[in-house]
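Take a moment with the structure below before reading on. The paragraphs that follow walk through it step by step.

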Amino acid sequence: FFFLSNGTKVIKPVIDISSSTFNTNPTIFKTFTRNYKDKREEAIPTVDVLMQRFFSEDFILHIVDASNKYRNLRQREAPKSWCWKRKIISRPFTASCIYHFLGMLFYMGIVKLPSTDDY
């Protein structure tokens with residue numbers, strides 16, 4: 001990050017993928033999918049392809065199930081806790097929640113910012 005003349009802190013991304021000058025580089029990660037003829041073909045390693053390679057859908061659904069069981073247990077043990085009063089933060093977990101959480105972990109491991117509040 002850097003400071004502007006008025007003292008405002010600006011965070012410059014390490015890689016700006018929205019830039020018109022951004023080019024993908026060849027990768028060592030080879031990912032494959034099945035096409036409509038059920039033949040194996042190489043796929044571009046996008047975020048969802050890489051997540052599916054390293055985390056199977058069954059594994060993610062297992063995490064969702066275990067997380068929701070733990071959530072329900074905690075809700076029964078402390079039904080008057082502050083976290084159950086706000087519906088937006090007390091919703092059950094979904095596969096999307098887990099993928100977002102894993103994405104944040106990867107992002108925080110790759111892009112170093114001065115404070116966790118900056119993420």
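Start with Asp-65, which is partly exposed, with a relative accessible area of 39%. The side chain of Asp-65 meets that of Lys-69 in a salt bridge, at 3.4 Å from N to O. A salt bridge is a side-chain nitrogen of Lys or Arg within 4 Å of a carboxyl oxygen of Asp or Glu. Lys-69 counts as exposed, at 56% relative accessibility. The two residues sit 4 apart in helix H2, so about one helical turn separates Asp-65 and Lys-69.

A word on the source: this is a predicted model, in which local features need pLDDT of at least 70 and side-chain atom pairs count only at pLDDT 80 or more, while totals for chains, interfaces and linings use all residues. Residues are numbered from 1 along each chain as its sequence is written, and side-chain values use heavy atoms, with hydrogens and water left out.

How many salt bridges does the rule give? The count comes to 2. The other pair is Glu-77 and Arg-74, whose side chains meet at 2.8 Å, N to O. Both residues lie in helix H2, 3 residues apart, about one turn of the helix. Arg-74 is partly exposed, with a relative accessible area of 36%.

Now step back to the whole chain. The protein chain has 3 helices and 4 strands. Helices (H or I, at least four residues) and strands (E, at least two) are DSSP runs, numbered from the N terminus. Along the sequence, the pattern reads β-β-β-β-α-α-α. The chain has 119 residues, and 13% of them count as buried.

Next, look inside. The largest nonpolar core has 6 residues: Met-51, Phe-55, Ile-60, Val-64, Ile-98 and Leu-102. A nonpolar core is a set of buried Ala, Val, Leu, Ile, Met, Phe, Trp, Tyr and Cys residues joined through side-chain atoms within 4.5 Å. H2 and helix H3 (95–110) are the elements that give two or more residues to this core.

Leaving out residues up to four places away in sequence, Ile-60 touches Phe-55, Ala-95, Ile-98, Tyr-99 and Leu-102. Contact means heavy atoms within 4.5 Å. Ile-60 and Ala-95 are 35 residues apart in sequence, but 6.3 Å apart in space, C-alpha to C-alpha. Met-51, with neighbours within four places set aside, is in contact with Tyr-99, Leu-102, Gly-103 and Phe-106.

Turn to the rings. A pair of aromatic rings is described by the distance of the centres and the angle of the planes. The whole structure holds 1 aromatic pair. Phe-55 and Phe-59 form this pair, which is stacked: 6.2 Å centre to centre, with 15 degrees between the planes. Rings of Phe, Tyr and Trp (its six-membered ring) pair if their centres lie within 6.5 Å; planes under 30 degrees apart count as stacked, over 60 as edge-to-face and the rest as tilted. Phe-55 counts as buried at 18% relative accessibility, whereas Phe-59 is partly exposed at 39%.

Notes
Buried < 20%, exposed > 50% of the residue type's maximum accessible area, 1.4 Å probe, protein only.
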